[in-house]
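Let's take a look inside a protein model together. Keep the sequence and the 3D view open while you read.

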Amino acid sequence: MFAIPLSRCRRLSCQIAVVLLLAVSPRLIAAAVLPEVRVAALKFGTLSWELETIRRQALDRAEGFSLQVMPLAGMSATRTALMSGSVDVIVADWIWVSRQRSRGEALQFIPFSTSIGELVLTKESSITSLADLKGKRIGIAGGPASKGWLLLRAQAMQQGIDLLATTEQQYGAPPLLSASLQQGRLDAVITFWHYAARLKAQGYPVLFNLKQTSAQLGLESQLPMLGFVFRQSWAELYPGRLAALARASRSAKSYLQHTPAAW
């Protein structure tokens, strides 16, 4: 019976281990040394699609950084994560950024999306105008400072209607609001565009496209309502990371636009 000396086995094991390490180490080492960009994202938002595309297609590594995603359940949680320094970047609307800057917070904004959302009604709703919303139960995705809710209130104010005082508001995540609308616990919901699209496909009517509302208020219709938001100090310290994230974002949008299988 042929036997390999123990010392030779050890040498062979070491050689095999070295070969395996060399085979995988370049990828591991590259990932280990890449600078991180930490992004907080809503689990149900369109940002999650883009971030997942960036990671799956290695668009972050192609741009020289490692994308780290913190999934959270609410917009207030993402904003808290940014303000506390737990993450580097979130997506938020320029209205919130403007408010924070007026309070002395040095936040900056680069465009992410021009989409806002829609006001969706129950299937048998008799609501045809802003005045008809008086006394109704409205679900609002994004909380009291939701850009869609603020725009709708501003439009109503032009007609002498105070929606905050004359309606019952319920704030929550889009999936829960959609379920409440379907079950008749709400009369209308202001929700993100992709949840509105699902409701419309099921026969729920739309009273307002909030992008049209912003145009009626005199805002540029192609104004990017949502953007990547970050502290000015972080951008000044890591301008290369910010530029790399912006490039990866554009690449992900292009990939999703031209690759139906990605969906």
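Start with Thr 191: it touches Ile 116, Gly 117, Glu 118, Val 120, Ala 141, Pro 174 and Ala 196, leaving out residues up to four places away in sequence. Touching, or contact, means heavy atoms within 4.5 Å. Thr 191 sits in strand β8. Helices (H or I, at least four residues) and strands (E, at least two) are DSSP runs, numbered from the N terminus.

A quick word on ground rules: this is a predicted model, where local features need pLDDT of at least 70, side-chain atom pairs count only at pLDDT 80 or more, and totals for chains, interfaces and linings use all residues. Residues are numbered from 1 along each chain as its sequence is written, and side-chain values use heavy atoms, with hydrogens and water left out.

Here are two buried residues; buried means under 20% relative accessible area, exposed over 50%, partly exposed in between (1.4 Å probe, protein chains only).

| Residue | Relative accessible area |
|---|---|
| Thr 191 | 2% |
| Trp 234 | 9% |

Now for helix α8 (residues 174-182): its buried residues are Pro 174, Leu 177, Ser 178, Ser 180 and Leu 181. Seen down the axis of α8, these fall within an arc of 160°, so they line one face of the helix. That arc is taken from the directions from the helix axis to the C-beta atoms. The cover over them includes β5 (118-121), β6 (137-141), β7 (168-172), β8 (188-191) and α9 (193-201).

Finally, Trp 234 belongs to helix α11 (residues 232-237).
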